[in-house]
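Here's a quick briefing to read with the model open. Have a look at the structure, then run through the notes by topic.

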Amino acid sequence: MKKSFSILLGLSLILASCSTTSSEPTHNQFQITLTDVFKHQHTSSVYQFELITKELSNVKDKERLAYLSGMIDSYLIPNPLFLPSIIFTNEETKQMIADEQLQSEIVTLYQNKKQYLKKIQSLANENNLMEIQGKQDELKKLSELMEKINDDRLFSKDKQKVDSFKKDLETVIQAFPK
C-alpha cells in the first residue's frame with residue numbers, strides 16, 4: 001500500500017510540474033528563445049570564421065591545407081545567412097534582435113564571410129598553398145578583427161556599446177578584399 005501510494009504521489013508531482021500554464025505570455029517566451037538562438041548562431045559563425053582564418057594564416061603544408069579545406073566545407077554547408085535572413089525579413093522579429101542600422105551590416109558581414117571562404121576554398125581545392133600563404137597577413141587581420149566583434153554589444157540596449165560595435169563592424173567589413 002505504501003509503495004503504491006508513493007508511486008501515485010510521484011506521478012502526480014511529475015504531472016503537476018508539466019503544467020502548460022505559464023506566467024510569461026507566449027510571445028515573450030518566443031522572443032527569448034529566438035534571441036538566444038540568434039546569439040548562439042551569430043557568435044558560433046563569427047568564431048568559426050575567426051578560427052579558420054587564423055589557422056589558414058599559419059598553414060605550412062598541404063596536409064594541413066587539406067584539413068582546413070574540410071573546415072571550410074563544413075562552414076559553407078549550412079547557409080550562414082539562413083537565420084539572419086529569417087529574422088531581418090520579419091518585421092516583428094527584426095525589432096527584437098538588433099539596432100536597425102546594424103541589420104544590413106550584419107547581413108553584409110555574413111555575405112562577405114561566405115564569399116571570402118568560397119574564394120579561399122577554390123585555392124585550397126587546387127592545393128595552391130603558395131597563394132594562400134601569400135594571403136597570410138590578410139587572413140591574420142581578418143581573424144583578429146573577428147575576435148573584436150564576437151561579443152554581446154550587438155544585442156545591447158546601451159547606445160555606447162552599440163555605437164562601439166558599429167564602428168568595429170564597419171572596420172571588419174572594410175577589411176574584406178574587394
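In this predicted model, the side chains of Asp168 and Arg153 pair up in a salt bridge, 2.9 Å from N to O. Asp168 sits in helix 9 while Arg153 is in the loop between helix 8 and helix 9, so the pair ties together parts that are 15 residues apart in sequence.

**Salt bridges**
- The count for salt bridges comes to five.
- Asp151 joins in too: Asp151, Arg153 and Asp168 are linked in a network of salt bridges.
- Arg153 is buried, at 13% relative accessible area, whereas Asp168 counts as partly exposed at 22%.
- Asp163 has a salt bridge to Lys159, with the closest N and O atoms 3.1 Å apart, and another to Lys166 at 3.9 Å.
- Both pairs stay within helix 9: Lys159 is four residues from Asp163, about one turn of the helix, and Lys166 is three residues from Asp163, also about one turn.
- An α-helix has 3.6 residues a turn, so residues three or four places apart point the same way.

**Nonpolar core**
- The largest nonpolar core has 37 residues, and those touching the most other members are Phe49, Leu56, Ile132, Met146, Ile149, Leu169 and Phe176.
- Helices 2, 3, 6, 7, 8 and 9 each supply at least two residues of this core, with helix 6 giving the most, at nine.
- Leaving aside residues up to four places away in sequence, Leu169 touches Leu102, Glu105, Ile106, Leu109 and Ile149.

**Helix 8 and Ser57**
- Helix 8 has 14 residues and reaches 21 Å from first C-alpha to last, close to the 20 Å expected.
- Its buried residues include Leu139, Leu142, Ser143, Leu145, Met146 and Ile149.
- Ser57, found in helix 2, is buried at 8% relative accessible area.
- Ser57 touches Gln136, Leu139 and Lys140, again not counting residues up to four places away in sequence.

**Whole chain**
- There are nine helices and zero strands.
- Of the 178 residues, 37% count as buried.
- The accessible surface comes to about 11100 Å², and 55% of that belongs to carbon and sulfur atoms.
- Take the contacts between residues at least 6 apart in sequence: 75% of them join residues at least 24 apart.

How values were computed. Residues numbered from 1 in each chain as written. Predicted model: local features only at pLDDT ≥ 70, side-chain atom pairs only at ≥ 80, totals over all residues. Heavy atoms only, no water. Core = buried A, V, L, I, M, F, W, Y, C linked by side-chain atoms within 4.5 Å. Buried < 20%, exposed > 50% of the residue type's maximum accessible area, 1.4 Å probe, protein only. Contact = heavy atoms within 4.5 Å. Expected span 1.5 Å × (residues − 1). Areas by Shrake-Rupley, 256 points an atom, 1.4 Å probe, with all protein chains shown as cover. Salt bridge = Lys/Arg side-chain N within 4 Å of Asp/Glu carboxyl O.
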